[in-house]
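Have a look at the side chains as you read.

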Amino acid sequence: MNSYASFCSGDCTGSAEIVIRDHDGVVLVAAARWLDDVPDALTAEALAAKEGRELAAELGYQRVILESDCQSLRSLLRDPSSRRSVIGGPCFDITELGREFGEFRVEWVCRGANSVAHVCATRATAIDRISF
């Protein structure tokens, strides 16, 4: 599962994009959601990862690898003390609720590997709010 976020500091909005693929890389699901009142890019990335985790659980997947191009988020999700971070709430949700899966891990990928999720970013708008 790839997560990606966009963020606009001018109006504190952004979007969360999720792409779920199978073990061969075939896209199974793509989704995008508009985000209001987002304080910074890292929070947007965390909310995107949380959306992806929730979508994977809703669809009944048991083996999930969360891939993000945000190294800061990956580091926080791997660190048990991340709950003291400004984005501690979403980090808690992602890691603790990730225990619902038979396998769950977080990996960093270069931005190019997240290109499908980036394309989804163009689909979520303030008017539509969500796109699948």
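**Notes on the salt bridges**

1. Lys-50 is partly exposed, at 22% relative accessible area (buried is under 20%, exposed over 50%, partly exposed in between, with a 1.4 Å probe and protein chains only). Bear in mind that this is a predicted model, where local features need pLDDT of at least 70, side-chain atom pairs count only at pLDDT 80 or more, and totals for chains, interfaces and linings use all residues. Numbering runs from 1 along each chain as its sequence is written, and side-chain values use heavy atoms, leaving out hydrogens and water.

2. Lys-50 pairs with Asp-93 in a salt bridge, with 3.4 Å between the closest N and O atoms (the criterion is a Lys or Arg side-chain nitrogen within 4 Å of an Asp or Glu carboxyl oxygen). That joins distant parts of the chain, 43 residues apart: Lys-50 sits in helix 1 (residues 41–58) and Asp-93 in helix 3 (residues 88–97). Helices (H or I, at least four residues) and strands (E, at least two) are DSSP runs numbered from the N terminus.

3. Glu-107 and Arg-78 form another salt bridge, at 3.5 Å from N to O. Glu-107 is in strand 5 (residues 103–108) and Arg-78 in helix 2 (residues 71–78), so this contact ties together parts 29 residues apart in sequence. Glu-107 is partly exposed at 26%, and Arg-78 is partly exposed at 48%.

4. Glu-96 is partly exposed at 24%, whereas Arg-99 is exposed at 63%.

5. For the tally, the structure has nine salt bridges.
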